[in-house]
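Trainee: Please take me through the charged side chains, then look closely at one helix pair.

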Amino acid sequence: MTKILIPNETNSRERRVSATPEAVKKLKSLGCNVYVEKSAGKLSGFSDLSYEDAEGEIFSSQNANIWGDADLVFCVQSPSEDNLHKLKKGAILLGLLNPYGNHDLLEIIKSNQISTLSLELLPRISRAQSSDVLSSQANIAGYKAVLLAASELDRYFPMLMTAAGTVQPAKVVVLGGGVAGLQAVATAKRLGAIVFVSDIRQAVKEQVESLGARFIELPETDEKPGEAGGYAKTVTPEFLAKQKTTLTKYLSEADVAICTAQVLGKRAPVLIDSQMLEKMRPGAVVIDLAVSQGGNCEGAKSNETIIKNGVKLIGAGELPSTVPHDASTLYAKNLTSLITPFIKNGVINLDKEDELISGCLLSDEGVILQNKVFEN
Ligand code: NAD
């Protein structure tokens, strides 16, 4: 029987868990044995008892052999190096492994000959939608970014007509109209703001307008920003300079900027530099969701709020973890949906020809299969 491990997360800021009791029940129904580390679900609102009710076995960190016996390990972020070293040859690790340029992880994978499914690499095709962790978590990030901005802003979001006068609606600029950006647009619109969006993929214009926001037209240049597999490619410095000139006007009138622009596997584009930030009004709020990829706003730092000329710049790369119950529920569903087709009578057998598996199989028994992760 496949032994599946649901460990505590090691990053102290991580509040999500990789499997909920419902997911454990599903894995049990497939014939697997599931071991859940004591308190693994505590920060996301799932008690040890609820895992036991789902027929998971609770283990403590003192159980020295449990990592060495595991066939499959679920995680949100990569486990500690210590625990990774305990995994046996051929054990499978499944989670958000942050593979790009992560040389320490890649070395352990090779030396311990483990197999890894890195969910950042899952192809964004229709069949993958139920397993698409990036989308389920980006949706949460976009929603929470707007709530955070609204609570930090010195103004209302909606227009209000009161006996003491009329309050004008807040102006929100969203940079990047992917999954997080579109959810930020929808949330800001629900709160009554006027929303503008910049993206370099022309397809985003229609999506943004259908949500009642305004698309910031791209600069007139000979260069047409590239796309590959639905993802944006890095634009040239010349294009970026022209884009920033256009954005400066919108940002100088904005109350809030939500930064979500990213280029898969590359540094995020810097769309707000220091001079542009200086032109924003004191009291304005910038939430940078791209901060772990370097940030869209110059000077943004992860989990820090920096005040520059009265503008609050918040580096918020870990927002899904601040909505841990729903984030874990969706995450766990994504993971079970990905592996369920490959478990028969309690035994896991990954089909390496399958498009989803081959897309996110970072390593097979220690052999790194995705050279793109070495590129940056
Ligand atoms: P992402 O997080 O990689 O990037 C966010 C946004 O930033 C993108 O819209 C991108 O175009 C934009 N961006 C990049 N450089 C920019 C710049 N200089 N200025 C402004 N914006 C810039 O994207 P994502 O949210 O993960 O979505 C990527 C693509 O995948 C989209 O086309 C999306 O519709 C598609 N998608 C497909 C599926 C599926 O079919 N399973 C699921 C989710 C997303």
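Mentor: A salt bridge here is a side-chain nitrogen of Lys or Arg within 4 Å of a carboxyl oxygen of Asp or Glu. The model is predicted, so local features need pLDDT of at least 70 and side-chain atom pairs 80 or more, while totals for chains, interfaces and linings use all residues. Numbering runs from 1 along each chain, and side-chain values use heavy atoms, without hydrogens or water.

The count is 16 salt bridges. One of them joins glutamate 217 to lysine 205, with closest N and O atoms 2.7 Å apart. Glutamate 217 sits in the loop between β11 (214-215) and β12 (227-228), and lysine 205 in helix α8 (residues 203-210), so this pair ties parts twelve residues apart in sequence. Helices (H or I, at least four residues) and strands (E, at least two) are DSSP runs.

Now the helix pair. In contact (heavy atoms within 4.5 Å), Val133, Ser136, Gln137 and Ile140 of α6 meet α11 residues including Asp326, Leu330 and Tyr331.
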